[in-house]
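Subject: Structure handover

Hello,

I am passing this structure on to you. Please open it alongside this message. My notes follow below.

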Amino acid sequence: MSQKRKNVLLILSDQQRLDTISAYQDCPSVHYTDHICRTPNIDRLCEEGMKFERAFTSSAICAPSRASIMTGLYAHKHGVIDNFTCIRDGVPLLGDLMRDAGYYCGYAGKWHVDPVRGPEDCGFHGKPFMGYAFPGSEVFPHLIFDQPPDNKPNYYEEYLKENGFEGIDVSHGFLGNNPALQIQEMYCKHEGPVESTIEYFVAHEAMEEIDRAAESDQPFFIWANFWGPHSPSIVPEPYFSMYDPATIPEHPSYKEDFSDKPYGYYLTEKMWGLGDYGWPGFADICAKYYGHCTFLDDMVGLIIDKLKEKGLYEDTVIIYGADHGDCLGAHKLIEKGCFAFEEIYHVPLIVRGLGTQDCKDFVYLHELMPTILDIAGTTAPKPVDGQSLLPLLTGQNEHNGRTEVYGEFHDHFYHTRQRLVQDGKYWLTFNESERGELYDLEKDPFQLRNLCYDPAYSAIKQEYMNKLGAWMNETSDPDRVWFHRIKDFY
């Protein structure tokens, strides 16, 4: 008799910085921790499973990162290079492949993988939220942020009506002081019970998918996507007031002056209009963001309880991760964009239900695609970028042999291609139309001193430019033509 195949539950948060998972706060690879944010349910997954201490997204923008999970490819290969482009036709998709392998595939929450093809077009049963699709837009009367789902109905709005939560609103909305950007709050207080929130809705939908899967005779793959803690962080009490801003220490890179950084970094900081508030203002944003992270943790706890109630917990591999991080005051910046820093590329990745020994190897978030297929007993189509993590998870391999990771940026707010390579010792960023960046991570883990044009580091710069050029050639990166034409005098 063949061995029963494991279920897979993938829970993805949106824009969650690594150090907000308290189980990560003592990892040597995590340079900044303040030991404040609490995530007991996710921590328990770490205790029972494996946390990857050096997991990186290959593109720190929402849709490119999510499309990479769906395809196992770098963004310049699958085609989603910003939040509005589509996956190229003919690229194999994880949902389709898992369905073909005999799995029930369910989806809950934020989509943001492809602006045209929804979950059901990619192998999943689930309610589509197409476009940017923030479900509170045009639902909460006092929410300024206006990016509702492109499709109708808005299933979150329907959920509120069905459960007697009509008229729910937000208060205490906070924006920056740039008069040209009075369109997106950093945070708001949700004036309603927990059960009326967006994140509870995601947990509710995920639990309904678990119920459906339990009724079938198939193993399941369920992908649940939260909208938070991405701004606007909209959270109810007690989470809104859970953390005291005065107890949050200043991030070591908040002293950034942008004097040796690309000019676009300075422009991005000015665009958000948060600089005049100083660190106390960022600490206030951090406090609400931390409350959002603890709120998400409680929602994870609800989903885990559902698995246990159904007797599925021990038969399910649970994966928790984030599509990318958030500067959250690092370098005086917020969110993500055309700036290549540790805080947005280094992501949490936790797997419970296989191995229990934490992994220090470099891994990519998009390697979840071949990993999940491997768990299902099928193989990823060739080629994919990367390899299955299953040998690391089961102890079959002690190491994966990877010595560095690469990243890419194309477009968010403004268009400019950016590529990076880093190995824990040095971090090189190629900004195709701006100055380059080189950081000595052992001496300067917060990437404050740019050494790219320091003669003492010319040999190091050349070494890492060679690494980056070789990767661009190997992956047929369209930016390689420009890179190779200017690399000798960049």
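Start at Gly377: this residue has a positive phi of about 85° and comes just after helix α10. Bear in mind that this is a predicted model.

Helix α10 itself spans residues 368-375. Is the helix mostly covered or mostly open? It is mostly covered, with 7 of its 8 residues buried. The buried ones are Leu368, Met369, Pro370, Thr371, Ile372, Leu373 and Ile375.

Next, the sheet. It is open and has 4 strands, in the order β13-β14-β15-β16. The pairing is antiparallel. Which strands form the edges? They are β13 (405-412) and β16 (437-440), each of which pairs on one side only. From one strand to the next, the twist averages 15°.

Look at β13 and β14 in more detail. Strand β14 covers residues 414-422. The two strands run antiparallel and are joined by 7 bridges. Across this pair, His412 stands opposite Tyr414 in β14.

Two helices pack on the sheet. Helix α7 touches β14, β15 (426-431) and β16. Its direction makes about 115° with that of β14. Helix α12 (residues 458-474) touches β13, β14, β15 and β16. The direction of α12 makes about 110° with that of β14.

Thr268 has 6% relative accessibility, so it counts as buried. What does Thr268 touch, leaving out residues up to four places away in sequence? The answer is Leu333, Phe339 and Tyr414. Tyr414 is the residue in β14 that has His412 opposite.

Last, a pair of helices. Two packed helices are described by the angle between their axes and the distance between the axes. Helix α1 (residues 40-48) and helix α8 (residues 278-309) pack at about 60°, and their axes are 7 Å apart. At that angle, α1 and α8 are therefore oblique to each other. On the α1 side, the contact is made by Pro40, Asn41, Ile42 and Leu45. On the α8 side, Asp297, Asp298, Val300, Gly301 and Ile304 take part. By type, the contact residues divide into 5 nonpolar, 2 polar and 2 charged.

Over to you.

Best wishes

Technical notes:
Residues are numbered from 1 along each chain as its sequence is written. This is a predicted model: local features need pLDDT of at least 70, side-chain atom pairs count only at pLDDT 80 or more; totals for chains, interfaces and linings use all residues. Side-chain values use heavy atoms; hydrogens and water are left out. Axes are lines fitted to C-alpha atoms, for helices over the stretch in contact, and angles run from 0 to 180 degrees between N-to-C directions. Angles under 35 degrees count as roughly parallel, over 145 as roughly antiparallel, 65 to 115 as roughly perpendicular and the rest as oblique. Contact means heavy atoms within 4.5 Å. Ala, Val, Leu, Ile, Met, Phe, Trp, Tyr, Cys and Pro count as nonpolar, Asp, Glu, Lys and Arg as charged, and the others, Gly among them, as polar. Buried means under 20% relative accessible area, exposed over 50%, partly exposed in between (1.4 Å probe, protein chains only). Two strands pair if DSSP finds at least two bridges between them.
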